[in-house]
Amino acid sequence: MKIRKIKIREVDLFLDFFRKSIKNQFDEYSKKSKDFLLKKEWTKERIRNSIKGNNVIFILSFDKEKIVGYLIGNHHFGGIATVMWIAVDDNYQGRGIGKKLFNNFISLSKKEGTHKINLTVTNKRNIGFYEKLGFKVQCFSEKDYFGLDSYLMYKNIQKSKW
Ligand SMILES: CC(C)(COP(=O)(O)OP(=O)(O)OC[C@H]1O[C@@H](n2cnc3c(N)ncnc32)[C@H](O)[C@@H]1OP(=O)(O)O)[C@@H](O)C(=O)NCCC(=O)NCCS
């Protein structure tokens with residue numbers, strides 16, 4: 001199992017996995033939200049530009065040449081980075097891949113001077129996963145992004161440099 005940043009030539013491979021993941025793994029999102037995310041927000045063009053410009057961090061997990069998980073996060077602003085999306089192929093869950101994706105993102109973020117990671121959990125059943133990784137619930141946010149009741153979670157990863 002390999003975990004590393006995406007390469008520009010892997011955009012099609014990633015998009016194929018990402019589209020299936022959004023369609024099948026995020027039940028709480030409405031069809032309208034999913035259409036917006038896939039047709040407007042995460043288009044091939046925007047993903048390519050984000051990788052080229054290193055604006056967004058895409059970390060992938062591979063079983064041989066096959067993608068089996070991904071994490072999408074931001075570089076920090078003022079020391080705070082955000083994890084936007086994470087998912088592991090249903091057949092590969094429970095094998096430590098999600099944890100490894102996070103650890104990879106955390107070590108990369110530390111090098112960039114990030115002291116805290118924030119994320120939004122839209123599905124209560126995942127809170128336990130993030131708690132296992134050392135995240136804490138900051139607050140409950142009613143009708144957050146995409147109108148979903150969510151939990152805002154955070155983890156301090158090193159001393160603030162500010
Ligand atoms: C959430 C998700 C990314 C976890 O990935 P995973 O590879 O199965 O998780 P891991 O195997 O790395 O689990 C790490 C630890 O968390 C625990 N864990 C995993 N899911 C958990 C859950 N829902 N509740 C409590 N603990 C959980 C594991 O038992 C493991 O514990 P250990 O370190 O003591 O062995 C995966 O279930 C997934 O892709 N779900 C569908 C998409 C999704 O909901 N994404 C998150 C949106 S907020």
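Where is the place of Y154?

Analyst: Bear in mind that this is a predicted model. Y154 sits in strand 7. The residue is partly exposed, because 18 other C-beta atoms fall within 10 Å of its own, while 20 or more would be needed to call a residue buried. Leaving out residues up to four places away in sequence, Y154 touches K116, I117 and N118, and also F135, K136 and Q138. For a sense of scale, take S33: 121 residues separate it from Y154 in sequence, and the two C-alpha atoms are 24 Å apart.

Follow the chain past strand 7 (150-156) and you get to S160, which is found in the segment after that strand. S160 counts as exposed, because it has 12 C-beta neighbours inside 10 Å, and the exposed class covers 12 or fewer. K116 turns up again here: its C-alpha atom is 8.0 Å from that of S160, although the two are 44 residues apart along the chain. Beyond its sequence neighbours up to four places away, S160 touches G79 and H115.

In soluble globular proteins, nonpolar side chains tend to be buried together.

Helix 4 deserves a stop of its own. Its 15 residues should span 21 Å at 1.5 Å a residue, and the end C-alpha atoms are 22 Å apart, so the two figures agree. The buried residues of helix 4 are I97, G98, L101, F102, F105, I106 and S109. An α-helix has 3.6 residues a turn, so residues three or four places apart point the same way. Those buried residues pack against strand 1 (2-5), strand 2, strand 3, strand 4, strand 5 and helix 5. After helix 4 comes G113, with a positive phi near 95°.

Helix 4 also brings us to the ligand. Helix 4 (97-111), strand 4 (80-88) and helix 5 (127-132) each give at least two residues to the shell around the ligand. There are 19 residues around the ligand, and Q93, G98, K99, G128 and F129 come nearest. Sorted by class, the shell holds 6 nonpolar, 9 polar and 4 charged residues.

Most residues other than glycine have a negative phi. N54, which is not a glycine, has a positive phi of about 50°, and it is found in the loop between helix 3 and strand 2. K64 also has a positive phi, near 55°, and lies in the loop between strand 2 and strand 3. N54 counts as exposed because it has 9 C-beta neighbours inside 10 Å; K64 counts as exposed because it has 7.

Key. Residues numbered from 1 in each chain as written. Predicted model: local features only at pLDDT ≥ 70, side-chain atom pairs only at ≥ 80, totals over all residues. Near = placed C-beta within 6 Å. Helix = DSSP H or I, 4+ residues; strand = E, 2+ residues; numbered from the N terminus. Nonpolar A, V, L, I, M, F, W, Y, C, P; charged D, E, K, R; others polar. Contact = placed C-beta atoms within 7 Å. Expected span 1.5 Å × (residues − 1).
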